[in-house]
Amino acid sequence: MGSLLGELGKKLAERWLTLLVLPGALYLAVAVAARTLGQDSPFAVGRLTGRISAWAGAPAAHRAGAHVVVLAAVLVGAAAAGVVSQALGACVERIHLAADWPSWPAPARAVAYRMTLRRRRRWRAAAETWHRHRDEAALARTRGEHADPAGRFAAGAAMVRISPEHPDRPTWSGDRIHAASVRVERDHRLDLAALWPHLWLILPDTARGEVTSARQALTRATTLSAWALLYLPLALWWWPAAGVAVVLALTGRHRTRAAADTYATLLEAATRLHARDLAGPLGMDLPGPLTPEAGGALGLRLAPSPPPRP
């Protein structure tokens, strides 16, 4: 037990250091540089090194107690900045996924509604083009001909860039995860939201690990976007901080989309591969593949009973 607790403590310390302290320490360093350099001489490295030398040459800097106080202040400040970024990351993730956008405050809900309508119009136009190319290819096959697939592939790619399925949310990442639910319901008549808690309990360790890693990658990506929000106010003192914020925001957006795609793909794959395994624990007999009829029966067994009449 002692070795287990020691190893657990090492892992927790490592995560605390990598997720909170190191990014927070970098943020504090940039904040000090911004306050020291200012807008007039943003790249005056000599001024920055001179200020650091002045701090190092102060009489208090040669006392052991001062070193402890400074180190503790840096650790606490870095950890505090990391905690703030984690909290902002949760808000950024909620905006990116937009699963509950109809319940947002009125101004944000109105913006999300207009964005969703715009995405739906664009998606319908791209989907109509893709279906037209698909119908033309099918007609060519009936005549023994081979249609050039380039137009169909380009139309399909344009449609997926907007949304994998009919848009239901104002963001691509939100629609990508929502698409997993749409496809599972369409192909197997299963409600992924109701199915997933039960399925998670019987998933193999390998599948659990892959899904957990994908979910953590999504959290890290949205936290990176949150750091961009923290760096942006530093531009009031040091304008290069705005460039840092833009780079972090673009990188965070790209990583969020990639992580959402991976997470949604794994959710759908785990459901298709292992949903049938729930039949045994539920006392059902599904000898064949997970057909829509079998999926509908499994969904009815998993659905909770309605509340009684008051």
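1. A pair to start with: Arg 272 has 32% relative accessibility, so this residue counts as partly exposed. Its salt-bridge partner is Asp 187, with 2.7 Å between the closest N and O atoms. Asp 187 sits in helix α6 and Arg 272 in helix α9, so the bridge ties together parts of the chain that are 85 residues apart in sequence. Asp 187 also comes out at 32% relative accessibility and therefore counts as partly exposed. Please keep in mind that this is a predicted model.

2. This pair does not stand alone. Asp 187 and Arg 272 belong to a network of salt bridges that also takes in Glu 165, Arg 183, Arg 186 and Glu 268. In total, the structure holds eleven salt bridges.

3. Do look at Arg 176 as well. Its salt bridge is with Asp 261, and the closest N and O atoms are 2.7 Å apart. Here too the link runs between distant parts of the chain, from Arg 176 in helix α6 to Asp 261 in helix α9 (residues 240–274), 85 residues away. The two ends fall in separate burial classes: Arg 176 is buried because its relative accessibility is 6%, under the 20% cut-off, while Asp 261, at 31%, counts as partly exposed.

4. Which residue forms a salt bridge with Asp 175? The partner is Arg 119, and their closest N and O atoms are 2.3 Å apart. This bridge connects helix α4 (residues 106–142), which holds Arg 119, with helix α6 (residues 172–188), which holds Asp 175; the two residues are 56 positions apart. Both Arg 119 and Asp 175 are buried.

5. Now the nonpolar side. The largest nonpolar core has 29 residues, and those with the most contacts inside it include Ile 177, Leu 190, Trp 196 and Tyr 263. Two or more residues each come from α6, α7 (192–202), α8 (205–231), α9 and α10 (292–302). Of these, α9 gives the most, with six residues.

6. Trp 196 deserves a click in the viewer. Leaving aside residues up to four places away in sequence, Trp 196 touches Leu 203, Val 211, Leu 267, Ala 270 and Thr 271. A separate core of 16 residues lies apart from the largest one, with Ala 34, Tyr 231, Ala 235 and Leu 248 among its members. As background, nonpolar side chains in soluble globular proteins tend to be buried together.

Technical notes:
Residues numbered from 1 in each chain as written. Predicted model: local features only at pLDDT ≥ 70, side-chain atom pairs only at ≥ 80, totals over all residues. Heavy atoms only, no water. Salt bridge = Lys/Arg side-chain N within 4 Å of Asp/Glu carboxyl O. Helix = DSSP H or I, 4+ residues; strand = E, 2+ residues; numbered from the N terminus. Buried < 20%, exposed > 50% of the residue type's maximum accessible area, 1.4 Å probe, protein only. Core = buried A, V, L, I, M, F, W, Y, C linked by side-chain atoms within 4.5 Å. Contact = heavy atoms within 4.5 Å.
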